[in-house]
Amino acid sequence: MRTAYSVDVVRAAERDLMARLPEGALMQRAAAGLAVACAELLGRVYGSRVVLLVGSGDNGGDALYAGARLARRGAGVRAVLLSPDRAHAGGLAALRAAGGQVSGDALADIERADLVVDGIVGIGGKGGLRPEAARLAGAARQSLVVSVDLPSGVDADTGEVAGEAVRADATVTFGAYKPGLLIDPAREYAGALRLVDIGLELPGEATAEALQYADVAELLPRPSAESDKYRRGVVGVVAGSARYPGAAVLAVSGALRGGAGAVRYVGPAADAVLAQFPETLVHAGPPSKAGRVQSWVIGPGIGDEGDAMADVLDSDVPVLVDADGLRFLDPARVRGRDAPTLLTPHAGEAAALLGTDRADVEASRLRSVRDLAERYGATALLKGSTTLVADPAGGPVRANPTGTGWLATAGSGDVLSGLTGSLLATGLPAREAAAVGAYLHGLAARLAATPDGAPIQATDVAGALGAAWRDVSRH
């Protein structure tokens, strides 16, 4: 699992470690890891041209010492000093001693560079880049760019990008991931991530975390020899309408692939559901009369038909509310439930739930998902470029690493709802079901995408869920 810690926590751990190490040893560890990563990206160090964008903080020092190591291996290294009087003295001396130079023509050197190292701003930076730094960052986009610790101009703690920022092809971060490296919009600026272990001792609870294959494989529900379809869990799906029967079909398609033993469908699209999935148990309603379930999914495609919402919320099982169902929610009613509730809005729906606008949600995804969980007393899954999961009890926010633009297609959210509701029915807690569902959903979209880049649809995502499950299980 990738765990991300706040700037304050990382800095406290660095201070504790530096007190036990010789002066400068921690920076040398970071610089050594950075230099190795740069060498691997270059492929051939000798004769390559490297430009360092050097700010006044320790990130600039890391870049200078890494540049010195590359210069000793035969690279032509030039440093662009954004604050010459405040550049790290030891790092600059090391670079010059190794044969590196201070740039006399920054734009020309950047234009010729094979690799640009972004050491402009450290993890404490707030707001976007200043004009001169933004100009250099823009020029560097034509080259291979590696950021030191995080892309300059992004917020390490929140993932917010308040102005111009460096767009890196890779980011080498030290000691621990920072939340902004896992959460959009900043994540899109970071490129490929590499963590360099510098020996920090960090507390148990992180700010954010991202599941990896092994974590998901451990959480996947698996039937035992004594299992039957009811013991494996039954998920109830209230979805679809005369206008949107396909939403019911897609939600059921996801539910059938989420590990539960059976799916009960309640709604007006029973004929369409049975035509596609004859194994589905159908009922005309109301949900409380449909039979025993271990979880409910309600909302996809129900339109203005919210009559079933009160019936479902009155149940004593976990409830997932998505899409149209979100319009019928009352915070007090949700907070008063004894069983878990999971809300799965996209940014526009989240904005309506929070009384704000979509742009604010998309710019402040971490804050928004936490606000949703707190306001409704429910687990919140905020869909988007990085799907985030927050628990009402607090704890690290889960950031899904498998998201892909292929999921930006009609009906893919209905598949996710059914899949996650099924995981709830197997007994997974809401936070785990949401994170596992998002992971499998994103992975399925990646597996369904064809090498030639042909578009995929929600039905393709649903069809690839089995392959995603097998792919995770192999790990």
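**Figure 1. Asparagine 59 in helix α3 of the predicted model.** Asparagine 59 sits in helix α3, which runs over residues 58–72. The model is predicted. With a relative accessible area of 6%, asparagine 59 is buried, because the cut-off for that class is under 20%. Leaving aside residues up to four places away in sequence, asparagine 59 touches Gly119, Val121, Gly122, Val148 and Asp149.

**Figure 2. Aspartate 118 in strand β5.** Strand β5, residues 115–119, holds aspartate 118. Aspartate 118 has 0% relative accessibility and counts as buried. Its contacts, not counting residues up to four places away in sequence, are Leu53, Val145, Val146, Ser147, Val148, Leu150, Pro151, Ser152 and Val166.

**Figure 3. The residues annotated as "binding site" in UniProt.** The annotation comes from an unreviewed UniProt entry and covers Asn59, Asp118 and Ser152. These residues span 94 residues in sequence, but no two of their C-alpha atoms are more than 9.7 Å apart, so they gather at one spot. From this set, Asn59 belongs to the lining of the largest pocket. Ser152 is also one of the residues that aspartate 118 touches.

**Figure 4. Threonine 171 in strand β7.** Threonine 171 is part of strand β7, which covers residues 170–174. Is threonine 171 buried or exposed? At 0% relative accessibility, threonine 171 counts as buried. Not counting residues up to four places away in sequence, threonine 171 touches Ser147, Asp149, Leu150, Pro151, Leu181, Ala190, Ala192, Leu193 and Arg194. Asp149, listed here, is also among the contacts of asparagine 59, while Ser147, Leu150 and Pro151 are among those of aspartate 118.

**Figure 5. The largest pocket.** The largest pocket holds about 960 Å³ of space. Its lining is made of 40 residues, and Gly57, Asp58, Asn59, Val121 and Gly122 lie nearest the centre. Two or more lining residues come from each of α1 (7–18), α2 (25–42), α3 and α6 (131–140). By class, the lining of the largest pocket has 16 nonpolar, 13 polar and 11 charged residues. Val121 and Gly122, from the group nearest the centre, are also touched by asparagine 59.

**Figure 6. The second largest pocket.** Where does the second largest pocket lie? Domain 1 (2–209) and domain 2 (213–473) both give residues to its lining, so the second largest pocket lies between them. The volume of the second largest pocket is about 720 Å³. Of its 33 lining residues, His346, Lys383, Gly384, Leu407 and Ser412 lie nearest the centre. At least two lining residues are supplied by each of α9 (245–255), α13 (347–354), α14 (358–363), α16 (412–425) and α17 (430–448). Helix α16 gives the most, with four residues. The lining of the second largest pocket divides into nine nonpolar, 15 polar and nine charged residues.

**Figure 7. The largest cavity.** Rolling a probe the size of a water molecule over the atoms shows where empty space is left. A search of the whole structure finds one cavity of 30 Å³ or more. About 60 Å³ of space lies in the largest cavity. Leu211, Thr387, Val389, Arg398, Ala399, Asn400, Pro401, Ala435, Ala438 and Tyr439 line the largest cavity. In the lining of the largest cavity, seven residues are nonpolar, two are polar and one is charged. Helix α17 also supplies at least two residues to the lining of the second largest pocket.

Methods
Residues numbered from 1 in each chain as written. Predicted model: local features only at pLDDT ≥ 70, side-chain atom pairs only at ≥ 80, totals over all residues. Heavy atoms only, no water. Buried < 20%, exposed > 50% of the residue type's maximum accessible area, 1.4 Å probe, protein only. Contact = heavy atoms within 4.5 Å. UniProt positions renumbered as here; feature names shortened; annotations may be inferred. 1 Å grid on protein atoms, 1.4 Å probe; cavity = no way out; pocket = protein on both sides within 12 Å on 5 of 7 lines; lining within 4 Å. Points joined across faces, edges and corners; volume = space filled by probe spheres on them. Nonpolar A, V, L, I, M, F, W, Y, C, P; charged D, E, K, R; others polar. Domains from an automatic or database assignment.
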